[in-house]
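I opened the notebook to record a few look-ups, taken one at a time. The entries follow the order in which I checked them.

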Amino acid sequence: MNSTASATDKTIDETRQGEAIQQSSSQIEGGKKLFLESYGCAMNFADSEVVASILAKDGYSATTNSEEADVIFVNTCSIRENAEQKVRKRLTEFKKLKKENPELIVGILGCMAERLKKDLLEEEKLVDIVAGPDSYRDLPNLIEEVGTGQKAVNVLLSREETYADISPVRLDKGGISAYVSITRGCDNMCSFCVVPFTRGRERSRDPKTIVNECIDLFNNGYREVILLGQNVDSYRYNLSAKGEIRDGSLPTTNFAQLMEMVAEISPDLRIRFSTSHPKDMTDEVLETIAGYDNIASSIHLPVQSGSTSMLQRMNRGYSREWYMNRIDAIKRIVPNYSISTDIITGFCGETEEEHKATLSLMDDVKFDYAYMYTYSERPKTLAERKFKDDVPEALKSKRLVEIIDKQRAHSLLHNQSRIGTISTVLVEGTSKRSEEHMSGRDEQNSVVIFPKGELTKGLYVKVRIESCTSATLMGEVIESLPPHPIQKIESK
Ligand code: SAH
Ligand code: SF4
Ligand code: F3S
C-alpha cells in the first residue's frame, strides 16, 4: 500500500496526489461534448486547458456530465502506483457508459499514456485513444481515426513542443488564479522518479508568449498567475541559439528575469511559482522575490530526505548541508518567507539513522507545510534498475506517521505564530465551509477565511489573523485595498 498524506490543504500541488478534477467551461461552445477529468500535478491541469483549447477549435464544448459526453478524456498521473490504480478504477465506471453508448470515445492522456503506450489498449479494453503529453495537437486526428473504427495511439515525445502559441481555455470556475506553464519535461533523473520518462526532455517556453498569456489573463480579471515547471529554477530560454535575437532583447532569459518580466505587468497581478529545486535555486531568484511586493514569498523546496547518503542514492544533486545553505539564503534574503517541502519515506535501503536525519532536518527548518509520501517503486526508473525496494511497507508507513505528526505540530506552530499579524489576502471566493465567509490566500500561501461583508473576489484585503487550525487562518478584514488604476494592458 502506498500512503499519501498532506498536513493541510493549502498548496497548489494538492491535486498532484491524484485527486480528480472534472473540468468544464462556458467559454467552450460547440456541438460535440467533451468530458475531461484530470489527475496528478498542476502541470497536468494546465495541460488539460491546452487540450480543451485544441478541442474547442474542433467544435467541442466541455461538460461535467459524463453521461452526455461524446468523448471522455482522462488526463492521468504515474507518479506513484496508487495514482495509476485510481485511474484504472475510474475506467471501470466508464464501462457502463460505453455499453449504453457504443459511439462514446474514451481516451487516456498524460503520464500513464506515455508510460504504458499501446499496452494500455490491451490492458483496458474500453480505451480508444492513448495520447502522451506532447501529442495533444494531434487529438482531433486521433478522434477521427477512431471514427474509422481503429484504435489510435500517439506517444511521441518532443524536444520542442511547449504549446507556446496555444491560448489555454480556462477550466476553473474561479477566474482569479491561473496556471501558466513555463517549462515542460525534466532532465534531472532523480532515481525514484518516473517524470523524465513520461514527460521527456526539459524545454523552456518563449518568455514573450508567457508574458502575453499573463497579460491576457490580467485583462480578463485574473489577479494571480502560478508559473509551473518541474524545476522552475532551470528555466532558460536562449534566443541566440534559435537565431531570434532582435534589437534590445536579452540573448538568454533565466527564471529570475522571467519572474521580473511577469511582475512588471501590474502590481495587482500576484506571481506564484512551483517547483523550486534546491540544487538550482539561486540567490538571484531570491533577490527578485524580495524585490517585488507582488511576487509571493512562499517557496516550495522539496527536500525528499534529510540524509546526505540517501540524497545521493536518490540522485538529487545536493547534500543536507547544501539544502540547509539554501534555507539560510531564503531566511536571509526573503522577508516574510514561508517554506514548504516534499518528503519520501522508506526509499531503497533507508536506515533508521537516515530516517532520523529527515526528522532532525524537519526540526532544523520547521517547514510551514509538507507533502509526505511512502516510496512507491516505478518501472524503468534508476532506482528500479539499481536498488532493492527493501523497506517493508509497514515500516515505511510507520516512518510516514512519525513524519506527518511532526509536520502537523510545525504547521500548527507556524499558524499560531501568525495570530495577531496582518496578512494581505487575494479574495478567491466564498469559503467552502460557510456562505457567510470568503476565503483567499496570502503572500505566504496560507488559506485565510474572513467574513464576507461587501467583498467580491479579485480584491486584495488586509486581514488581521485572530485564530487558526493547522490548516487554516481565520481573521477580520481591516482594509480593502483599492485596485491600481491601469485596467487593460497591451500585449508585448
Ligand atoms: N519536480 C518536483 C517533484 C515532482 S513529483 C521536484 O523535483 O521537487 C512530486 C513529488 O512526488 C516529489 O517531490 C516526491 O516527493 C514525490 N514522488 C516522486 N516520485 C515518487 C515515488 N516513486 N514514490 C513516492 N513519492 C514520489
Ligand atoms: Fe522527478 Fe526529480 Fe525531475 Fe522532480 S526534479 S520531476 S523529482 S526527476
Ligand atoms: Fe503525475 Fe505526470 Fe505530474 S506523473 S505528478 S501528472 S508530471
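Entry 1. I looked up Glu 114 and found it buried, at 2% relative accessibility. The model is predicted, and I read the values with that in mind. The side chain of Glu 114 forms a salt bridge with that of Lys 117, at 3.9 Å from N to O. Lys 117 is partly exposed, with a relative accessible area of 31%.

Entry 2. I went on to Glu 84, whose side chain meets that of Arg 115 in a salt bridge of 2.7 Å, N to O. This pair links distant parts of the chain, since Glu 84 sits in helix α2 (residues 81-100) and Arg 115 in helix α3 (residues 111-116), 31 residues apart. I checked burial on both sides. Glu 84 counts as buried because its relative accessibility is 5%, and the cut-off is under 20%. Arg 115 has a relative accessible area of 21% and is therefore partly exposed.

Entry 3. I looked at Arg 137 and Glu 161, which meet through their side chains in a salt bridge (2.7 Å, N to O). Arg 137 is in the loop between β7 (129-131) and α5 (139-147), and Glu 161 is in the loop between β8 (152-154) and β9 (177-181), so the pair ties together parts 24 residues apart in sequence. I noted Arg 137 as partly exposed at 36% relative accessible area and Glu 161 as buried at 14%. I also found one network, in which salt bridges with shared partners join Asp 47, Asp 134, Arg 184, Arg 199 and Arg 203. The count of salt bridges comes to 36.

Entry 4. I turned to the backbone. Gln 304 is not a glycine, yet its phi is positive, about 70°. I placed Gln 304 in the loop between β16 (298-300) and α10 (308-313), and it counts as buried at 7% relative accessibility. Lys 380 also has a positive phi without being a glycine, about 80°. I found Lys 380 in the loop between β18 (369-374) and α13 (382-386). The peptide bond from Ser 274 to Thr 275 is cis, with omega near 10°. Thr 275 belongs to the loop between β15 (270-274) and α9 (283-291).

Entry 5. Which residues surround ligand 2? I listed Cys 186, Asn 188, Met 189, Cys 190, Phe 192, Cys 193, Val 195, Pro 196, Gln 230, His 277 and Arg 316. I sorted this shell into seven nonpolar residues, three polar and one charged.

Key. Residues are numbered from 1 along each chain as its sequence is written. Chains are lettered from A and ligands numbered from 1 in the order in which they are written. Side-chain values use heavy atoms; hydrogens and water are left out. A residue is near a molecule or strand if one of its heavy atoms lies within 4 Å of it. Ala, Val, Leu, Ile, Met, Phe, Trp, Tyr, Cys and Pro count as nonpolar, Asp, Glu, Lys and Arg as charged, and the others, Gly among them, as polar. Helices (H or I, at least four residues) and strands (E, at least two) are DSSP runs, numbered from the N terminus. Buried means under 20% relative accessible area, exposed over 50%, partly exposed in between (1.4 Å probe, protein chains only). A salt bridge is a side-chain nitrogen of Lys or Arg within 4 Å of a carboxyl oxygen of Asp or Glu.
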